Amino acid sequence: MTSRQHRRRVRVWFGEHVIAQYVAEAPLAARYEQAMRRRFAGLKVTNDLLGPLDSTD
């Protein structure tokens, strides 16, 4: 595992309100984003970069 993983935040929006939020590494966030786009087809779904996460492992 690398010491710096890039995290992403996926949010599902109902108007200006966030109704679901998920933070994970890029591959998992992409899977979640696609699932939310299918489930909430009429709502806005965003996938934003949060930046690196330092690991002390």
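Trainee: Where does G42 sit?
Mentor: G42 lies in the loop between helix 1 and strand 3, where helices (H or I, at least four residues) and strands (E, at least two) are DSSP runs, numbered from the N terminus. This is a predicted model, in which local features need pLDDT of at least 70 and side-chain atom pairs count only at pLDDT 80 or more, while totals for chains, interfaces and linings use all residues. Residues are numbered from 1 along each chain as its sequence is written, and side-chain values use heavy atoms, with hydrogens and water left out.

Trainee: Is G42 buried or exposed?
Mentor: G42 counts as exposed because its relative accessibility is 76%; buried means under 20% relative accessible area, exposed over 50%, and partly exposed in between, with a 1.4 Å probe and protein chains only.

Trainee: How far apart are G42 and F14 in space?
Mentor: Their C-alpha atoms are 9.2 Å apart, although G42 and F14 are 28 residues apart in sequence.

Trainee: And F14, what do we know about where it is?
Mentor: F14 is in strand 1, and at 54% relative accessibility F14 counts as exposed. Not counting residues up to four places away in sequence, F14 touches I19 and L43, contact being heavy atoms within 4.5 Å.

Trainee: Switching to the core, which residues make up the largest nonpolar one?
Mentor: That core has six residues, namely V10, V12, A20, A29, M36 and V45, and a nonpolar core is a set of buried Ala, Val, Leu, Ile, Met, Phe, Trp, Tyr and Cys residues joined through side-chain atoms within 4.5 Å. Strand 1 and helix 1 are the elements that give two or more residues to this core.

Trainee: What is A20 in contact with, beyond its neighbours in sequence?
Mentor: Leaving aside neighbours within four places in sequence, A20 is in contact with V10, R11, V12 and Y32.

Trainee: What about the tryptophan, what sits over the ring of W13?
Mentor: The charged end of K44 sits over the ring of W13, 5.8 Å from its centre. A charge sits over a ring if NZ of Lys or CZ of Arg is within 6 Å of the ring centre and within 35 degrees of the ring normal.

Trainee: How many salt bridges does the count come to?
Mentor: The count comes to two salt bridges, a salt bridge being a side-chain nitrogen of Lys or Arg within 4 Å of a carboxyl oxygen of Asp or Glu. In one, the side chains of D48 and R11 meet at 3.3 Å, N to O, and that pair links distant parts of the chain, with D48 in strand 3 (residues 44-54) and R11 in strand 1 (residues 4-14), 37 residues apart. D48 is partly exposed, with a relative accessible area of 28%, whereas R11 is buried at 17%.

Trainee: And R37 with E33, where do they lie?
Mentor: R37 and E33 both lie in helix 1, four residues apart, which is about one turn of the helix, and their side chains meet in a salt bridge of 2.9 Å, N to O. R37 is partly exposed, with a relative accessible area of 37%, while E33 counts as buried because its relative accessibility is 13%.

Trainee: Last one, in what order do the elements run?
Mentor: From the N terminus on, they run β-β-α-β.
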